[in-house]
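These are my notebook entries on a structure that I had not examined before. I record what I looked up, topic by topic.

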2 protein chains.
Amino acid sequence: MIEMYLLEQLLAFSQCGTLSAASEKLHVSQPALSHSMQKLEELMGVPLFERTKNRIALNENGKLTADCAAKILEQEREMIERVRLLDQSRRTITLGACAPVPVADLVPILSRVYSGMTIASEIRNSDEELLAGLEKNQYQILVLHEKPEGEELYFEAYREEHLMLQLPENHPLSAKEQLYLQEIDGQNLLLYTKIGFWYELCRQKLPNAHFLMMNEFDAFGEVAGAGAFPSFVTEAAAGGELPEGRKAIPILDEEANVTYYCVCAKKDKKRFEPLYQELRRFEKHSDR
Amino acid sequence: MIEMYLLEQLLAFSQCGTLSAASEKLHVSQPALSHSMQKLEELMGVPLFERTKNRIALNENGKLTADCAAKILEQEREMIERVRLLDQSRRTITLGACAPVPVADLVPILSRVYSGMTIASEIRNSDEELLAGLEKNQYQILVLHEKPEGEELYFEAYREEHLMLQLPENHPLSAKEQLYLQEIDGQNLLLYTKIGFWYELCRQKLPNAHFLMMNEFDAFGEVAGAGAFPSFVTEAAAGGELPEGRKAIPILDEEANVTYYCVCAKKDKKRFEPLYQELRRFEKHSDR
DNA sequence: CCGTATTACGCTAGCCGTAATGATG
DNA sequence: CATCATTACGGCTAGCGTAATACGG
């Protein structure tokens with residue numbers, strides 16, 4: 001059996017050209033390497049080196065051996081990486097969500113119900129991306145804003161979210177009790193960027209609006225609460241509270257009033273039953 | 001660094017199911033294996049086993065590791081095999097010949113001129129096969145009975161061979177001084193099988209002859225020298241001597257009188273120059 | 001002479017085996 | 001109590017380092 005350390009040492013020698021250089025690279029002594037190469041040669045059963053009195057170099061056999069050794073070492077590295085990745089994925093539940101609110105909803109529940117597991121989450125703009133990720137086991141749980149189709153999928157609706165326009169009370173539109181998105185197309189609008197599918201909705205329904213993008217949430221919150229620009233808010237994100245001197249006007253477009261579906265692979269239904277139980281009690285919880 | 005012996009032990013365990021069974025298979029003690037698996041687990045950095053108090057089994061991580069281990073061990077085996085094969089080929093000159101006489105000619109010369117090298121030889125019926133073998137480095141030297149074509153090839157003609165029909169003196173045909181193959185088509189003919197291209201020639205020019213095939217040379221020699229059947233002989237094979245009461249009649253067909261060409265790859269011309277020098281003196285040598 | 005490879009020699013880490021312990025059906 | 005895994009302990013192999021030797025540009 002030819003052990004890995006021999007292959008590693010051979011490879012180092014083949015890269016360095018001399019035993020002394022390789023010995024420095026590997027932090028071992030020259031004689032140790034010399035011995036190892038002799039041992040390797042013996043184990044292989046064929047000469048691997050051209051030796052002169054104070055020079056040693058790989059012959060054809062040795063070059064082939066070094067090439068193979070590189071492949072084997074690479075494969076060993078790959079094995080470790082793959083197994084560690086598998087292990088990581090086995091102890092992680094990754095949530096893929098179409099919007100930030102479901103992340104805020106589910107991550108605490110997941111952390112509580114699956115204590116000991118790492119909970120990760122990502123927000124993606126398109127449901128297709130999310131479903132593809134579920135397929136590849138990149139995500140184990142999804143939250144979508146439309147009913148998914150697929151024989152392999154299990155899902156339950158668990159909450160709704162309703163978009164509103166938040167305005168200063170002195171804003172011209174603030175007299176309205178309700179409005180459609182097209183009525184504010186062309187306006188300047190403050191927008192937080194990490195909002196998943198909402199972003200696509202805005203680009204689509206407000207093609208002429210001027211968006212002021214902010215990707216820091218705290219900064220966004222300040223400007224939205226104090227500045228002169230209208231911004232979006234929902235009952236879920238606001239938590240029932242509006243900043244002083246602000247008004248929130250419901251938006252009537254169908255697409256702006258969504259139902260969230262919590263999705264998993266059917267084979268995982270049993271595993272995630274505790275999560276779904278929690279979600280069925282979600283309205284009561286969110287009353288708190 | 002995860003050493004090979006650990007992977008081998010893991011693989012054995014994965015095949016055997018229990019440490020004790022694996023320990024027998026590997027001729028090591030159970031505790032040794034137990035230790036090794038703990039060490040492997042530590043090196044991988046992730047759990048590989050489901051342990052109950054007196055049972056141990058691979059978990060998902062472990063199964064993946066075992067699969068990878070099998071591949072790595074296989075690759076190690078393959079490396080050794082490939083290098084040994086390369087070494088063998090580096091110290092072997094393999095002659096590919098179209099007939100037995102060139103083998104008898106060249107092998108002694110090669111052995112003398114390239115002492116220390118192993119000399120191997122094969123007889124193939126078709127020149128195409130031989131040329132393909134040269135291409136693949138399966139052969140380093142060829143002897144063909146026709147001039148080869150190819151930019152990469154070097155060759156020299158070195159001798160001729162002339163086919164004759166050997167007969168009992170009382171055979172009806174023995175009166176002839178010379179003949180064409182078609183004159184003996186339909187006869188019973190004794191044939192030694194390992195004669196390379198001659199065999200194809202016979203099948204082609206004597207489609208109606210009845211061949212008595214013999215693949216043991218000694219037995220063939222006896223029957224050919226003593227029996228009632230005609231057989232083929234050449235000046236090269238007979239060495240100038242005919243058995244008592246036999247006659248050899250020259251065959252006039254062009255294909256039955258061949259010139260042998262000694263072929264090598266152009267890149268090897270220098271290496272085989274000593275061989276060609278010997279072959280240029282071949283007529284003198286063969287006079288001995 | 002300095003750089004390089006090999007040989008000699010002694011140390012020690014680590015691998016293995018035996019024995020003992022614990023757990024399970 | 002038979003089987004299997006783990007722990008404990010001690011021995012021995014073999015890989016390593018230091019020192020010495022040899023060779024070459």
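I began with residue classes: Ala, Val, Leu, Ile, Met, Phe, Trp, Tyr, Cys and Pro count as nonpolar, Asp, Glu, Lys and Arg as charged, and the others, Gly among them, as polar. This is a predicted model, in which local features need pLDDT of at least 70, side-chain atom pairs count only at pLDDT 80 or more, and totals for chains, interfaces and linings use all residues. Residues are numbered from 1 along each chain as its sequence is written, chains are lettered from A and ligands numbered from 1 in the order in which they are written, and side-chain values use heavy atoms, with hydrogens and water left out.

**Entry 1. DNA strand C**

I looked up the residues near this strand, where near means that a heavy atom of the residue lies within 4 Å of it. There are 22 residues around DNA strand C, and A:Ser34, A:Arg51, A:Asn54, B:Ser29 and B:Lys39 come nearest. By class, the surface near DNA strand C has 7 nonpolar, 11 polar and 4 charged residues. I noted that 69% of the atoms of DNA strand C within 4 Å of the protein belong to sugar or phosphate, and the rest to bases.

I then searched for polar contacts (pairs of N or O atoms within 3.5 Å; within protein, one must be able to donate a hydrogen and the other to accept it, and residues adjacent in sequence count only if both atoms are side-chain atoms). A phosphate oxygen of DNA strand C is 2.9 Å from a polar side-chain atom of A:Ser34. For B:Ser29, a backbone N or O atom lies 2.8 Å from a phosphate oxygen of DNA strand C. The side chain of B:Asn54 has an N or O atom 3.3 Å from a sugar or linking oxygen of DNA strand C. The elements that give two or more residues to this surface are helix H2 (19-26), helix H3 (30-44) and strand S2 (55-58) of chain A, together with helix H1 (4-16) and helix H3 (30-44) of chain B. Helices (H or I, at least four residues) and strands (E, at least two) are DSSP runs, numbered from the N terminus.

**Entry 2. DNA strand D**

Which residues come nearest to DNA strand D? Of the 22 residues around DNA strand D, they are A:Tyr5, A:Ser29, A:Lys39, B:Ser34 and B:Arg51. Sugar and phosphate make up 74% of the atoms of DNA strand D that come within 4 Å of the protein. I found an N or O atom in the side chain of A:Lys39 at 2.5 Å from a phosphate oxygen of DNA strand D. Two or more residues each come from helix H1 (4-16) and H3 of chain A, and from helix H2 (19-26), H3 and strand S2 (55-58) of chain B. The surface near DNA strand D divides into 7 nonpolar, 11 polar and 4 charged residues.

**Entry 3. Domains of chain A**

I consulted the domain assignment, whose bounds come from an automatic or database source. Chain A is given domain 1 (4-86), domain 2 (94-157 + 260-279) and domain 3 (160-257). The centres of domain 1 and domain 3 of chain A, taken over C-alpha atoms, are 64 Å apart.

**Entry 4. Strand S5 of chain A**

Are the residues of strand S5 (residues 141-144) of chain A buried or exposed? Buried means under 20% relative accessible area, exposed over 50%, and partly exposed in between (1.4 Å probe, protein chains only). A:Ile141 and A:Val143 on one side and A:Leu142 and A:Leu144 on the other are all buried. Two strands pair if DSSP finds at least two bridges between them. Strand S3 (residues 92-97) of chain A pairs with S5(A) in the parallel sense over 3 bridges, and A:Leu95 has A:Ile141 as its bridge partner. S5(A) and strand S11 (residues 257-265) of chain A run antiparallel, joined by 4 bridges; A:Val143 stands opposite A:Cys262.

**Entry 5. A side chain in chain B**

I looked up B:Gln166, found in strand S6 of chain B. B:Gln166 is buried, because its relative accessible area is 5%. A polar atom of its side chain lies 2.9 Å from the backbone oxygen of B:Ala224.
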